Amino acid sequence: MAQILLRGRTLSFLRWPEDTNDHAAYRYEEDGGLLIDGGKMVAAGSYADVAAAAAEGAKRIDHRPHLILPGFIDAHVHYPQMGVIASYGAELLDWLNTYTFPEETKFRDAQHGRRIARLFLDEVIRQGTTTVSAYCTVHKQSVEAFFAESHERNMLNIAGKVMMDRNAPEGLRDTPESGYDDTKALIAEWHGKGRQLYAVTPRFAITSSPEQMEMAGALMREFPDLHLQTHLAENRAEIAFTQELYPWSRDYTDVYEHYGLLGPRALFGHCIHLSEREADALSDSGSVAVFCPTSNLFLGSGLFDYQRYRRREKPLRIATATDVGGGTNYSMLRTMDEGYKVIALNGEKLNPLASFWQLTRGNAEALSIVDKAGTLGVGTDADVVVLNSRGTPAMKLRMETVDTLAEELFLLQTLGDDRAVAEVYVAGKEAKSALEASVP
Ligand SMILES: [Zn+2]
């Protein structure tokens, strides 16, 4: 594969930006270059320097005046829920029973899984997202479908078979043994194959028996480099039901703690209603709280207290995510816009530099993949998004009065969506324009 040399305004974060004047937190090149070889970034910096390092036959692509950033990362999403996004009128537990569970039963059909996995990954790429951490369904074939589609595109994705053996309809339950065996077989086949990573995925404490929770803990002890993903403290009724099912537990977090599921690779979706003890337990174990603003607003679950979690004496590691289909948009730009509003309702602000740190480097750090994704760092995989801040007529007009990079990013977050995504590269290959070229 020939080298690719991208030209544009490059932006990559080095650390959390304290405020809009914290220029040391990022690297920005007004006339920047990015050299890609064999799917990896091999040089980044000023275009003049990078061009000098490029081979003569390198393919040169000029994206000026657009911004070139690391691809966005979505830390919690349910790919089988494409068919239930935008379903009216329920809170979490009703929403699962009324809409989600019937839809997920369709994934016993491998063909259906493959079709939805394909459409799902097409959609996230159109939105500028290059990595997701995805829930599949209880069916082993739903995971095979997802990984097969992801591997074919050479995407870095994390996914796992949902484990649930109770409080779910017939046809959507495994058993502690089958959940364990299927998970183990999937790990053997997919974890570390190309860029695929496996996550042990008990849906949440309500749908797993104590025996199944034991099995999830056993898997994490056997395979300590795996991720674990589940849900925690999203909704009051969910918390009360969990307390009934695990009467010995001090609180909801204690259930996961008891089975050894906390840790630096554990991703807990929502974490809205946490006691101080629970937040301390998550912090002490290095666990990640995943903020899903469009979902939390849509289902009326509550307001994630991002800034307080970040600033508390024992801070939480935080990721952000769409949580489609409880979430209402595939776009991480739309997600951070809604995140900004949730944080505002808590009486705080999230500065635009921090917001773009979060959806690139911040999410990569939270998922422990920053050596591969989330920056334009040399040696990392070339997953890149190209953003057009004039993607719509209204954005173009607003850009007339934008003077700083922070203002431009805030405009992108507030008004941007897939129309602001000019191109996406997955492991150095043009992915968004390739999709558009293949539309009949
Ligand atoms: Zn979820």
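Predicted model: local features only at pLDDT ≥ 70, side-chain atom pairs only at ≥ 80, totals over all residues.
Residues are numbered from 1 along each chain as its sequence is written, and side-chain values use heavy atoms, with hydrogens and water left out.

**Strands at the start of the chain**
- Strands here are DSSP runs of E with at least two residues, and helices are runs of H or I with at least four, both numbered from the N terminus; two strands pair if DSSP finds at least two bridges between them.
- E1 (residues 4-13) and E2 (residues 26-37) run antiparallel and are joined by nine bridges, with Ile4 standing opposite Ile36 in E2.

**The zinc site**
- Take a look at the zinc ion: its protein donors are His76 (NE2), His78 (NE2), His231 (NE2) and Asp323 (OD), at 2.1 to 2.4 Å.
- Donors are N, O and S atoms within 2.8 Å of the metal (3.2 Å for Na, K and Ca), and sites may look incomplete because water is not among the atoms.
- Along the chain, the donors follow the spacing H-x1-H-x152-H-x91-D.
- His76 is buried at 2% relative accessibility and His78 is buried at 3%, where buried means under 20% relative accessible area, exposed over 50% and partly exposed in between (1.4 Å probe, protein chains only).

**Aromatic rings**
- There are 21 aromatic pairs, counted when ring centres of Phe, Tyr or Trp (its six-membered ring) lie within 6.5 Å; planes under 30 degrees apart are stacked, over 60 edge-to-face and the rest tilted.
- Phe304 and Tyr309 make an edge-to-face pair, because their centres are 5.0 Å apart and their planes stand at 85°; both residues are buried.
- Ring pairs link Tyr79, Phe107, Phe120, Phe146, Phe147, Trp190, Tyr198 and Tyr330 into a cluster.

**A residue in helix H5**
- Thr183 sits in helix H5 (residues 176-190) and is buried, with a relative accessible area of 0%.
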